[in-house]
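I opened this entry to look up the ligand site and the pocket around it. My notes follow in the order I checked things.

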Amino acid sequence: MRKMLIGLALVTAGLVHRAAAQAPDAKALYDANCKKCHGVLGTPPKAMKEQYSKIATFNAEFIAKHSIDSIVTILRKGKGEDMKSFKTKMTPAEMAAVAGYVHELATKPRP
Ligand code: HEC
């Protein structure tokens, strides 16, 4: 009986560990896939604003109009010519994590 409990505890610990390892790292995904155009804090660099007149700034006003779900939809489908779909690059869980991170950015103070 005792052995079985220890075994069970080990299996549970293993599952928890695996879940943690699999949770998408939203910031890393954003930095790798979005930062170039949308900026570290969600304010696109000047050069990007010049290149893409329609590019959004992720601020309070933006997220008031874009739910996390609607951002996931944009990531899945893309928008316009320049905002590409990330469907083949990210899993649905990763897209949801990045969309959440976009919302988080809007609450951060920016220079
Ligand atoms: C090559 C540059 C580029 C990259 C990389 C990029 N975007 Fe965009 N993004 C754009 C442009 C340009 C627009 C404006 C599209 C339009 O409205 O025509 C945009 C628009 C958006 C919008 C707003 C759409 C709307 O309804 O106004 C969201 C949200 C967004 N991007 C999120 C992301 C996220 C999250 C990533 C990373 C996973 C990302 N983008 C990567 C260029 C980029």
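Which polar side-chain atom lies 3.2 Å from an oxygen atom of the ligand? I found that it belongs to His66. I note that the model is predicted.

I then looked up other polar contacts of the ligand. Lys79 also places a polar side-chain atom by a ligand oxygen, at 3.3 Å. For His38, I read 2.8 Å between an N or O atom of the side chain and a nitrogen atom of the ligand.

Next I listed the shell. I have 20 residues surrounding the ligand, and the closest are Asn33, Cys34, Cys37, His38 and Met83. Sorted by class, the shell holds 14 nonpolar, three polar and three charged residues. Three helices each supply at least two shell residues: H3 (35–38), H6 (68–77) and H7 (92–106). H6 gives the most, with three residues.

The ligand sits in the largest pocket, for which I noted a volume of about 880 Å³. The lining of this pocket comprises 30 residues, and those closest to its centre are His38, Ile55, Lys79, Asp82 and Met83. Helix H2 (26–33), H3, H6 and H7 are the elements that give two or more residues to the lining. H2 has the largest share, four residues.

Last, I sorted the lining by class. I recorded 16 nonpolar, six polar and eight charged residues there.

Key:
Residues are numbered from 1 along each chain as its sequence is written. This is a predicted model: local features need pLDDT of at least 70, side-chain atom pairs count only at pLDDT 80 or more; totals for chains, interfaces and linings use all residues. Side-chain values use heavy atoms; hydrogens and water are left out. A residue is near a molecule or strand if one of its heavy atoms lies within 4 Å of it. A polar contact is a pair of N or O atoms within 3.5 Å; within protein, one must be able to donate a hydrogen and the other to accept it, and residues adjacent in sequence count only if both atoms are side-chain atoms. On a 1 Å grid over the protein atoms alone, a cavity is a set of points where a 1.4 Å probe fits but cannot get out, and a pocket is an open set with protein on both sides within 12 Å along at least five of seven lines; lining residues have an atom within 4 Å of a point. A molecule sits in a cavity or pocket if more than half of its atoms lie within 2 Å of its grid points. Ala, Val, Leu, Ile, Met, Phe, Trp, Tyr, Cys and Pro count as nonpolar, Asp, Glu, Lys and Arg as charged, and the others, Gly among them, as polar. Grid points are joined across faces, edges and corners, and a volume is the space filled by probe spheres set on the points.
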